[in-house]
Amino acid sequence: MTNYEIAATNYPSPDIITGQHTNGPPIVFVKVDGQWVSTKSKSVRNVCLELERNGPDRIVAGTWSGYEKPHHYGYCPQCDAPGKIRERRPYGDDICANGHRYKSSEARSNNGK
Ligand SMILES: [Zn+2]
């Protein structure tokens, strides 16, 4: 496999060492084609596993959400895709990864597997 450069930082990029930064555990970044890409993950181990299994594609595309991050919003009752958005209002709807809209109370707690 290709070797990737990995760094963890609280700044918006590992190249930045001053200015505004976030608190809490640092975010892991991967260098792809000379550009630092945020994995949104705080686990170097999980990032390494993802790179070994799937390469950087999902990290670059922003579709990799990290193994340590469970889907809190349940699953779509129509297509079983994980819920992606939960509206922050009383009796709000959930929207799944495929764009279906359904009541939060109808979200499935698991995807039947
Ligand atoms: Zn759906």
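My entries below go from the overall layout to the core.

**Ground rules.** I number residues from 1 along each chain as its sequence is written. The model is predicted, so I kept to its conventions: local features need pLDDT of at least 70, side-chain atom pairs count only at pLDDT 80 or more, and totals for chains, interfaces and linings use all residues.

**Layout.** Helices (H or I, at least four residues) and strands (E, at least two) are DSSP runs, numbered from the N terminus. Along the sequence I read β-β-β-α-α-β-β-β.

Next I checked strand E2 (residues 27-32) and strand E3 (residues 35-38), which pair in the antiparallel sense over 4 bridges; pairing takes at least two DSSP bridges between the strands. I found phenylalanine 29 opposite serine 38 in E3. The hairpin has 2 residues between its strands, and aspartate 33 there takes a positive phi near 50°.

**Core.** Which residues form the largest nonpolar core? I listed 7: Val28, Phe29, Val30, Val47, Leu51, Ile59 and Trp64. Such a core is a set of buried Ala, Val, Leu, Ile, Met, Phe, Trp, Tyr and Cys residues joined through C-beta atoms within 7 Å. Buried means 20 or more other C-beta atoms within 10 Å of a residue's own, with C-beta atoms placed from the backbone. E2 and helix H1 (44-54) each supply at least two core residues, and E2 gives the largest share, 3 residues.

**Burial.** Of the 113 residues in the chain, 15% are buried.

Terms used
A residue is buried if 20 or more other C-beta atoms lie within 10 Å of its own, exposed if 12 or fewer, and partly exposed in between; C-beta atoms are placed from the backbone.
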